[in-house]
Amino acid sequence: MPMLEPRLQQSFFDCADLLYQVAEPLGRPMGEALQACVGCLTGGGKLLTVGGPLAAHAASLLVRGFERERPPLAALTIAPDPTPLRALGHPGDLLLLFDDLLAAPAAQALVEAAHDQDMAVIAFTGAAPAWRHALAETDVLLAVAHERAARVREVHLLMLHALVDGIDVQLLGEQDPA
């Protein structure tokens, strides 16, 4: 068992290194994503999430709350094809796309379907995707370049938590220290 400890520890070191590398470059796009989410929600829109377990987690955090109680926010997870997006998406809504488990054509089709519905997109991706040309100027690309999908998902999870915390602060104000 002691031989495995360095390998286990390396996962923590690799994740910490990646977090340090992406923290500054992702600051501005994360701020843009936060503004888009708050604008959508305060404007009466909803957040549609797609793309595996992180998408379901995102919708759950928005509906059920994050670190404090608040009214539920309008969010739901949809199947990863354009049909539910066309059925449920409306102008002013926002698509949160987690592309790590989607094939590139499926991700591009979802982005195009969102645009057909006059929706903006926040795309959580690994390295800049081949379909990035489909993104509009109003969309936000949150790309985390790393060769290991697990590291990318770990950063996406932290980004998601930071985003939902930011939404809570924007909607409810700073929380009083306990």
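Start by selecting Thr49: it counts as buried because its relative accessibility is 0% (buried means under 20% relative accessible area, exposed over 50%, partly exposed in between, with a 1.4 Å probe and protein chains only). You're looking at a predicted model, where local features need pLDDT of at least 70 and side-chain atom pairs count only at pLDDT 80 or more, while totals for chains, interfaces and linings use all residues. Residues are numbered from 1 along each chain as its sequence is written, and side-chain values use heavy atoms, leaving out hydrogens and water.

Thr49 sits in strand 1 (residues 47-50); strands (E, at least two residues) and helices (H or I, at least four) are DSSP runs numbered from the N terminus. Now show its neighbours: leaving aside residues up to four places away in sequence, Thr49 touches several residues, including Leu76, Ile78 and Leu96 (contact means heavy atoms within 4.5 Å). Zoom in on Ala55 too, whose backbone oxygen lies 2.8 Å from a polar atom of the Thr49 side chain.

Next stop: residues 120-125, which are strand 4, with 6 of its 6 residues buried. In a regular strand, side chains alternate between the two faces of the sheet. Here, Ala120, Ile122 and Phe124 are buried on one side, and Val121, Ala123 and Thr125 on the other.

Click Leu95 and you'll find its bridge partner in strand 4, Val121.

Finally, select strand 5 (residues 140-143), paired parallel with strand 4 over 4 bridges. There, Leu141 is the bridge partner of Ala123.

Notes: Two strands pair if DSSP finds at least two bridges between them. A polar contact is a pair of N or O atoms within 3.5 Å; within protein, one must be able to donate a hydrogen and the other to accept it, and residues adjacent in sequence count only if both atoms are side-chain atoms.
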